[in-house]
Amino acid sequence: MTLDFSTTLGPAWFPAPIFTASGCASSGKELAQFFPLKSIGAIVTKSIMVKARPGRPTPRMAETPSGMLNSIGLQGPGIDSFIANDIPWLVEQGARIIVSIAGETVDEYATLARRLRSVPGISALEVNISCPNVENRGMVFACDPVSSRAVIDGVRRTLGGDLPIIAKLSPDVTDIVSIAREVVDAGADGVALINTLLGMVINTETMRPHLGGKTGGLSGPAIRPVAVRAIYQVHQALPKIPILGMGGVRNGRDAFEMILAGASGVSVGTATFGNPKAAIEIQSELKALVSAKGFTSLKSAVGFAHREIDSESAKESM
Amino acid sequence: MSTINRYAQQISAHVLSNKRVGQYHQILISVGEVVKHCRPGNFIAISVGGENSGMVLRRAFALSRVSDRGEFGGTLELIVAPHGSGSRWLCSQTEGAVLDVITPLGDAFGIPTEPVNTLLIGGGYGSAPLFGLAEVLKARGCRVDMILGASSSPKIYAPLEGKRSVNSLKIYTEDASSGIHGRVTDSLEEIIENDSIDVIYSCGPMAMLAAISSIAQSAGVVHQCAVEESMACGIGVCMTCVLPIRQEDGSIAMLRSCIDGPVMDGSVVEWDRVGKVNEVAE
């Protein structure tokens, strides 16, 4: 029995459902030394902004139980250098590309969309809305339904209808489903769940926050159940909206759990820091697991955890 | 911006021996063919804690000595201080244990083409990569003087066999428990002058590297230092280990010490800006 392992995120098709996670693969160059980038679903690049950014002061990371905090501050080369150097290199590798964009104002996101809309080789845009909105007292876009909607609306209008938009949501909200509804309503083709959770470590020697930026994003296996819950809730409320799941996935079992919760694809992030081959290894483990459970396609396993027990016998026919 | 060491490979390495040397562990591992590309200055990133470990990040160690001869083929010697949970796990690994490692990572110390006078300065177990470097420099005909410093005598790493590869060795301790009372930088100007030092190589805490850089610059001596900045990945994807480096056009770039280092030209590191917000973009 052959398995159809392909997946779609809105109109974008991918031959496999494992992706890198934004900020955990840079622009792919380093990981290419460990596996062929075209062998996974897509490379999700580190969030790019309009201008080059030096990022936050060091220390930028702290290991925590089954996870880590990072406080990078979106260090990056800016959109011009990214389009001139990183995209053509990834295209040359035959990799599929999801470009993650980040901004400080609604207009900045739209500017990035305008710059990227005619660049060949991009499969989708992931819109990282977990950034402080400088026009709204620094409140994170993703924590406010109105700001979240405004960003996606601006990107959608600028892009036109072609390039799929995946809105990456923060779990640091009271009701993630209501934010998901807003961004979908504004024109997002799918949602990425979840971004890191905001955390802090205090160094008990210096008796001060350990990170240069004081707070950081918590990632790794410690947050996986939060991600599974968010994916499950959003899939339940919006079953037709594709979800790119992520948060602490470190093996095929973890990825399968997200597929069952309702994810159409799974991004591998922090696991790559510990194992540069994590994405490709998780992909083959997932493939074996999906087959072993009797599914003939990856898509038929998406959201399976939501089904009634008696529907299980029907999966052969899907 | 440079790229990941093109010889870096993820491999399984066997622990051949694990000996206590003072406060440190001297761990010898077999790595096979990849040893041919390992140079003094390069580092290794090791997965710790086993399969179900809650420690999600690798630990980085400087390669202390590299050997492609002997009954085990290619071997690497690492000096590990059992300070945190990851390094304690590593120090508990016994002969026969299998480690998941990535090496060689980072750049290497530049070796002079001419036989020149070199001074190697190590702080604490930062001396580890300097003994392998000393052997390479000696083979190149260089004069090799070494000075090591630490807060206290047990924190000096100076194995007997290492002492043979240097022309002279001075030890400094801050508590006067061995050698000279003081710090490695106390008489550095005189040493540079009296021994006609051409190149300084150093490895150790950032404050020590910063102090050496300032003295080396005034004396007009080349200073190659191996930095120690905390890293999550070691392969250039996480952007945590950045240092402010002055570019030729005067701008400051936040460069990754895992890829553009760990060996850096001490005179271009903006030591005063380490840990500060940087105004200038890359």
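Predicted model: local features only at pLDDT ≥ 70, side-chain atom pairs only at ≥ 80, totals over all residues.

Tutor: Start with helix 5 of chain B, residues 206-219.

Now look at the strands under discussion. Strand 12 of chain B covers residues 199-203, and strand 13 of chain B covers residues 222-226. They run parallel and are joined by five bridges. For a landmark, find B:Tyr201; opposite it, in strand 13 of chain B, stands B:Gln224.

Step back to the whole sheet. It is an open sheet of seven strands in chain B, with mixed pairing. Read across, the order is 11-10-9-8-12-13-16. The edges are strand 11 (180-181) and strand 16 (263-265) of chain B. Each has a single partner strand, so one side of each has no neighbour in the sheet.

The domain assignment of chain B gives domain 1 as 9-105 and domain 2 as 117-273. The C-alpha centres of domain 1 and domain 2 of chain B are 22 Å apart. Across the boundary, 20 residues of domain 1 of chain B are in contact with 20 residues of domain 2 of chain B. Which elements give two or more residues to the domain 1 side? They are strand 3 (43-46), strand 4 (59-62), strand 5 (65-67) and strand 7 (98-105) of chain B. The residues on that side divide into 14 nonpolar, four polar and two charged.

B:Phe43 and B:Ala45 point one way from the strand. B:Ile44 and B:Ile46 point the other way. All four of these residues are buried. Strand 3 of chain B pairs with strand 4 of chain B over four bridges, in the antiparallel sense. There, B:Ile44 stands opposite B:Phe61 of strand 4 of chain B. Strand 3 of chain B is also joined to strand 7 of chain B by three bridges, and these two strands run antiparallel. B:Phe43 has B:Leu105 in strand 7 of chain B as its bridge partner.

B:Ile44 leads on to the largest nonpolar core, which has 196 residues. B:Ile44 is among the residues with the most contacts inside that core, as are A:Leu125, A:Val127 and A:Ile166. The core draws at least three residues from each of domain 1 and domain 2 of chain B. On the chain A side, A:Leu125 touches residues including A:Val99, A:Ile101, A:Leu163 and A:Ile166.

The two chains also meet directly. In all, 31 residues of chain B are in contact with 36 residues of chain A. The chain B side of this meeting divides into 18 nonpolar, nine polar and four charged residues.

Finish with A:Pro57, in the loop between strand 4 (43-44) and strand 5 (61-64) of chain A. Is A:Pro57 buried or exposed? It counts as buried because it has 20 C-beta neighbours inside 10 Å. A:Pro57 touches A:Gly212 and A:Gly213 in chain A, and B:Gly275, B:Lys276 and B:Val277 in chain B. A:Leu90 is 33 residues from A:Pro57 along the chain, and their C-alpha atoms are separated by 29 Å.

Conventions
Residues numbered from 1 in each chain as written. Chains lettered and ligands numbered in written order. Contact = placed C-beta atoms within 7 Å. Nonpolar A, V, L, I, M, F, W, Y, C, P; charged D, E, K, R; others polar. Domains from an automatic or database assignment. Buried ≥ 20, exposed ≤ 12 C-beta atoms within 10 Å, placed from the backbone. Core = buried A, V, L, I, M, F, W, Y, C linked by C-beta atoms within 7 Å. Pairing = 2+ DSSP bridges. Axes fitted to C-alpha atoms, helices over the stretch in contact; angles between N-to-C directions. Lists of a residue's contacts leave out its neighbours within four places in sequence.
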